[in-house]
Amino acid sequence: MRLNGKKIAIFVEDLFEDLEFWYPYYRLKEEGASITAIGPKARSYTGKHGVPATADVGIDEVNAKEFDALVIPGGYSPDKMRRTPAMVEFVKQSHLAGKLVASICHGPWMLASAEIINDTKLTSFFSIKDDMIHAGADWVDEEAVFDNNIITSRNPDDLPAFCQKIIVALG
């Protein structure tokens, strides 16, 4: 269990991509990490495919310094997440503190809103490529990318490589 003692935050908001929340949640837990689901409020959220996930805490109850890493699932939830300024600030503070920030699919929208991707090589779901480039990123079409303490992937098919990069980076 390579991640014993590591504390990982995972964001949740309505319309998250179910696999992009649950796969990292259980895969990182399997490696021994302590996982905390964080939403705008401590309540249940519904994924794109109807699977619920409950936020253990609301964003106002936590501090980025408490965690070793942050995972941001995709789906349509990042567009909702970035409407909560405290969630955007959590991303920014995590990055500024040198914590690992991992984001998949539409999750990099949160990285752009936090203004942390200038001159960073990353990937995302292809439909937000232009958004990433306009935010200053060096966008590439690759399975999983690790640069500037940021890990990104494109879609659910990339989840094995995405989680492996997180495990190696933290392990």
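**Figure 1. Gly-98 and the end of helix H3.** In this predicted model, helix H3 is followed by Gly-98. The phi angle of Gly-98 is positive, with a value near 80 degrees. Helix H3 itself comprises 12 residues. From its first C-alpha to its last, H3 reaches 16 Å, which is close to the 16 Å expected at 1.5 Å a residue.

**Figure 2. The two sides of helix H3.** Six positions may be located here: Met-87, Val-88, Phe-90, Val-91, Ser-94 and His-95 are the buried residues of H3. When the helix is seen down its axis, these buried residues fall within an arc of 155 degrees, so they line one face of H3. The face turned away from this buried side carries the exposed residues Pro-85 and Leu-96.

Figure 3. Ser-94 is found in helix H3, which covers residues 85–96. Its relative accessibility is 3%; because buried means under 20% relative accessible area, Ser-94 counts as buried. Apart from neighbours within four places in sequence, Ser-94 is in contact with Ala-64, Leu-70, Lys-99 and Val-101. A further point of reference is Asp-68, which is 26 residues away from Ser-94 in sequence.

**Figure 4. His-106 in the loop between strand S7 and helix H4.** The loop that holds His-106 runs between strand S7 (100–104) and helix H4 (108–113). His-106 is buried, and its relative accessible area is 9%. When residues up to four places away in sequence are not counted, His-106 touches Gly-74, Gly-75 and Pro-78, and also Phe-125, Ser-127 and Ile-128.

**Figure 5. Phe-125 in the loop between strand S8 and helix H5.** Phe-125 lies in the loop that joins strand S8 (121–122) to helix H5 (129–134). Is this residue buried or partly exposed? With a relative accessible area of 25%, Phe-125 is partly exposed, because a residue counts as buried under 20% and as exposed over 50%. Leaving aside neighbours within four places in sequence, the contacts of Phe-125 are Cys-105, His-106, Arg-154 and Asn-155. The contact between Phe-125 and His-106 links this view to the previous one. Leu-19 stands 106 residues from Phe-125 along the chain, and the C-alpha atoms of Phe-125 and Leu-19 are separated by 15 Å.

Note on methods
Residues numbered from 1 in each chain as written. Predicted model: local features only at pLDDT ≥ 70, side-chain atom pairs only at ≥ 80, totals over all residues. Heavy atoms only, no water. Helix = DSSP H or I, 4+ residues; strand = E, 2+ residues; numbered from the N terminus. Buried < 20%, exposed > 50% of the residue type's maximum accessible area, 1.4 Å probe, protein only. Contact = heavy atoms within 4.5 Å. Expected span 1.5 Å × (residues − 1). Arc of directions from axis to C-beta.
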